[in-house]
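Please keep the sequence and the model open while going through the numbered points.

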Amino acid sequence: MDKTAGGWLNGFLGVLIFSGSLPATRAAVMDFDPVFLTVARATIAALLGIALLLAAREKLPERRDVPSLVIVAIGVVIGYPLLTALALQHITSAHSIVFVGLLPLATAIFAVLRGGERPRPAFWLFSCVGSALVVGYAVGQGVSASPTGDMLMLAAIVICGLGYAEGAKLSRRLGGWQVICWALAVSLPLMLVLVVTLAPPSFGNVSLPAWLGLAYVSLFSMLIGFVFWYRGLAQGGIAAVGQLQLLQPFFGLALAATLLGEHVSAGMLVVTLAVVACVVGAKRVAA
């Protein structure tokens with residue numbers, strides 16, 4: 001398997017894992033405070049990541065890598081998890097998943113600004129069409145959904161795109177799993193203080209679905225998914241492989257309906273299928 005094909009495969013596995021993030025977060029915020037959930041998942045993942053770094057005897061990052069690691073930490077360790085957790089107090093995971101269709105465009109823009117990539121004009125056409133479909137759907141649902149939840153999701157998408165692009169660029173030097181582990185390690189001191197400060201007096205009322213949601217976002221969304229995702233972006237190109245995120249709503253909607261019993265409307269399915277067609281076109285153009 002060549003490097004580009006490996007990049008698309010790793011990227012696909014990362015997207016598949018991330019697809020469960022919003023439904024799992026939705027289940028967790030039923031019983032956990034969103035801010036506590038954010039710091040708890042980061043703390044758990046950071047402890048596991050540091051254990052991996054120690055087991056592999058990884059060398060400390062160079063000083064020039066620290067600013068990029070901080071950006072990754074702000075984007076995907078703190079910013080995206082916190083903003084999505086807050087958003088899911090106002091909207092369903094099925095509704096929020098549609099916004100994920102904007103992530104490829106955000107990632108591609110930051111791939112140009114931070115990664116130095118220069119996609120073809122036709123690539124931008126597919127990316128913008130897919131994103132326009134998502135925005136059009138969100139605007140059309142505005143009267144029945146929460147403007148607060150929508151704005152939080154839009155902010156989450158922007159900061160996540162930055163974290164993805166920055167982490168992928170850094171993965172070319174440090175490696176995919178090393179980047180997310182070091183970013184988690186950078187955030188651990190602050191996360192530890194906050195998790196102790198914000199911990200509820202008792203966990204007796206926390207349901208099993210909430211615990212399972214916390215476990216998923218800590219282990220898979222915060223760590224394992226990034227091992228494949230950053231490797232895929234580094235191998236196949238940030239902007240190109242980033243278009244695979246257009247598939248995430250399709251998987252996420254299926255999980256939201258199956259596991260949480262949420263309603264998936266015909267409009268959601270139409271938008272999802274349309275953006276799947278866009279990612280196929282973007283892949284062909286990138287190839």
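**Notes on the model**

1. Ile 44, Leu 48, Leu 219 and Phe 220 together make a nonpolar surface patch of about 280 Å². Helices α3 and α10 (208–236) are the elements that give two or more residues to this nonpolar patch. A patch is made of residues with over 30% relative accessible area and no salt bridge, where like charges are joined within 9 Å and nonpolar side chains (Val, Leu, Ile, Met, Phe, Trp, Tyr) within 5 Å. Accessible areas come from the Shrake-Rupley method with a 1.4 Å probe, and for residues only the protein chains shown count as cover.

2. This is a predicted model, in which local features need pLDDT of at least 70 and side-chain atom pairs count only at pLDDT 80 or more, while totals for chains, interfaces and linings use all residues. Residues are numbered from 1 along each chain as its sequence is written, and side-chain values use heavy atoms, with hydrogens and water left out.

3. Phe 220, which belongs to helix α10, is partly exposed, because its relative accessible area is 31%. Here buried means under 20% relative accessible area, exposed means over 50%, and partly exposed lies in between (1.4 Å probe, protein chains only). Helices are DSSP runs (H or I, at least four residues), as are strands (E, at least two), numbered from the N terminus.

4. How far apart are the end C-alpha atoms of helix α3? They are 33 Å apart, which agrees with the 33 Å that the 23 residues of α3 (residues 34–56) should span at 1.5 Å a residue; the expected span is 1.5 Å times one less than the number of residues. After α3 comes Arg 57, whose phi is positive, near 55°.

5. The structure holds four salt bridges, a salt bridge being a side-chain nitrogen of Lys or Arg within 4 Å of a carboxyl oxygen of Asp or Glu. One of them joins Arg 114 to Glu 166, with the closest N and O atoms 2.7 Å apart. Since Arg 114 lies in helix α6 (residues 103–115) and Glu 166 in helix α8 (residues 147–174), the pair ties together parts that are 52 residues apart in sequence.

6. An α-helix has 3.6 residues a turn, so residues three or four places apart point the same way. Is Glu 166 buried or exposed? Glu 166 is buried, at 0% relative accessible area, whereas Arg 114 is partly exposed at 36% and Lys 169 is partly exposed at 23%.

7. Phe 126 is found in helix α7 (residues 121–140) and counts as partly exposed at 28% relative accessibility. Not counting residues up to four places away in sequence, Phe 126 touches Cys 278, Gly 281, Ala 282 and Val 285, where contact means heavy atoms within 4.5 Å. The C-alpha atoms of Phe 126 and Val 285 are separated by 9.0 Å, although these residues are 159 residues apart along the chain.
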